[in-house]
Amino acid sequence: MDKTMNEKIDKSRFEWVGANVNESEAITRPTTSYWKDAMQRLSKNKAAMISLWVIILILLLAIFVPMLSPYTMSEQHYAHTSQSVGFRDPDDGHLHLFGTDKLGRDIFTRIWSGARISLIISFTAVFVNVIIGIIYGGISGYLGGAVDNIMMRIIEIINGIPYLIIVILLMMVLEPGIVTMIIAYAAVGWTGMARLVRGQIMSLKQQDFVVAAKVMGARPSRIIFKHLIPNTLSVVIVNITLAIPGAIFTEAFLSYIGLGVQIPIASWGTLANDGSKVFQMYPSQLIIPAICISLTMLSFNLLGDGLRDSLDPKLRR
Amino acid sequence: MIKYVGKRLFYALLTVLTLTVLTFFMMRALPGDPFIGAKAIPEATMEALNRKYGLDKPVSEQLIMYISNAFKGDLGISIKYNRPVTDIIAQAFPYSFELGMRSLIFATIVGVLLGIIAAVKRGTKWDSLAMFFAIVGVSVPSFVIGSLLQYLLGLKLYQATGIKFFPITGWDSMSSKLIPSFALSFSSLATISRLMRTSMLDVLGQDYIKTAKSKGLSQKKIIWKHAVRNAIMPVITVLGPIAASVLTGAFVVENIFSIPGMGKFFVMSIQDQDYTMISGITLFYGIFLVLANLLVDLAYGFIDPRVKLTEGKE
């Protein structure tokens, strides 16, 4: 009995402060847009942020190293062939940061010239894929019915054939080179993007704002390009980030088996191929391009995962 | 079910036909001439050669001949080796098939297990470890893994210990098959484990798992009897595309480890401009993979009753 009495709290300690109308309606946090919110979430993802910085660093190196290097990518130093990492030229004191290859060319300069080629090929190829994919998927998803059915069956047939085989066939028919590589990859890589955009548009077109646009007399092309496609943008961005490693891999793979860019142009794939020939003697000549390829792919994959989590929190696991 | 099987068969046939026509015209569009060698060939010999390989007939006739021959199992005679392409495939394919199957089985088993562990131990260091392994796996090309393993395990380990654990090249003893199979399986393994984790997490959040828990089932039973069986479905669907990536990835891995499989022949025939060989191998790979996809689709239809349902609605 005594115990319960003690546990009761004296009522005089509480006081009615009354409702404060102004404060309850006040906005305590600044308003954020969808993109701001997403970027805030992204900046909390450590792996994605580190990847973003790594990608920026790689881009900067690819742009500036070939411009500022004391060597050109095909300049040969016959006296210093196949030198190890960190070799300093005793004559002029220049540093070969990554050593030289079997023809005495500076690997550091070659790596970043190769980076330019590899990145240009993969970025352009993915860009072309996205354009084709958005248009194809947009039309297919919006029109639906028989048109959609036929367009999707075409994709099914293209997907049935392994894409590397088509790329290899195309690479042999056309003159090997940068443009061919982009065409070959773009010719088969768009199907995934088209499917994705179609799926998004199919679900978006049921929504009220599309009906409203239709009622106001907007043409299908306006509805597709002004209303539907901007709303698929977040999915597209995530997919671009995740498609780039695939393109980098394809470029490296083709160059590695000798179908990619031809000498004197070098890409990461051809550098890896050159390095693999002298791998047992000078492992660094393969390991350096291999690390560059892997690190770039890894960074884009991590950034893509981070972007997906932050742009679409529902999918977060 | 019959409608579903028929539809799949029809698409498989259409894909193979498209591939055949595509290969035929690609081969015709190729620059260069297989008969151009070091020596100039007299006009009469050239004509005889063209007649022998049927190159003097009109294009449409050549195409029909090509398709009908292909369906009869005749892929022509290799210009370089002067042997039937089917012969070379019959000789080389078993190596590639064994390598591919080893990689595929290894990737599936280990990938599924990794995915299950990551999902069940979600948020722990096991999860991050498995997923880090997986993202490295999808980011490092097979030729890099292959060369590195060859260098570290084949060469350095031998130099360091004096015992030959793994031969550097070749395809005969058990130990020589381990590194190539692993190198080839790495990226598929990573893809499968990522997919398995996502799918497993999805299933673990379902109501029937809660029901199973509240029934008092053990954790082990819930995972293996209820969760894994449902979560493994999406993994089965990607086995077709993964088989394709394993087989094409073998081009490089076979080259690195000097395995006398199809990949090596394919890369060599590209460099030699051996038309019949390239088109033959392309067609063979295409048909093989279309069949693999068909098999996966059909298996999926049998295993998962929901597929039949949605197909029936159409």
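The model is predicted: local features need pLDDT of at least 70, side-chain atom pairs count only at pLDDT 80 or more, and totals for chains, interfaces and linings use all residues. Residues are numbered from 1 along each chain as its sequence is written, while chains are lettered from A and ligands numbered from 1 in the order in which they are written. Helix H9 of chain A, residues 208-215, is hardly covered, with 0 buried residues among its 8. A residue is termed buried if 20 or more other C-beta atoms lie within 10 Å of its own, exposed if 12 or fewer, and partly exposed in between, with C-beta atoms placed from the backbone.

Chain A contains 13 helices and 2 strands, taken as DSSP runs numbered from the N terminus (helices: H or I, at least four residues; strands: E, at least two). Of its 317 residues, 41% count as buried. Among contacts in chain A with a separation of 6 or more, 68% join residues 24 or more positions apart; a contact requires C-beta atoms, placed from the backbone, to lie within 7 Å.

Helix H4 of chain A (residues 46-68) has 23 residues and should span 33 Å at 1.5 Å a residue, which agrees with the 32 Å between its end C-alpha atoms. The expected span is 1.5 Å times one less than the number of residues. Ala48(A), Ser51(A) and Ala62(A) are buried in H4(A). The buried residues of this helix pack against helix H3 (34-43), helix H5 (107-143) and H13 of chain A.

The largest nonpolar core comprises 143 residues, and those with the most contacts inside it are Ile111(A), Val167(A), Ile168(A), Tyr185(A) and Ile293(A). Such a core is a set of buried Ala, Val, Leu, Ile, Met, Phe, Trp, Tyr and Cys residues joined through C-beta atoms within 7 Å. Beyond its neighbours within four places in sequence, Val167(A) is in contact with Ala184(A), Tyr185(A), Val188(A), Thr250(A) and Leu254(A).

At the interface, 32 residues of chain A are in contact with 35 residues of chain B. H13(A) gives the most to the side of chain A that touches chain B, with 8 residues.

Technical notes:
Two residues are in contact if their C-beta atoms, placed from the backbone, lie within 7 Å.
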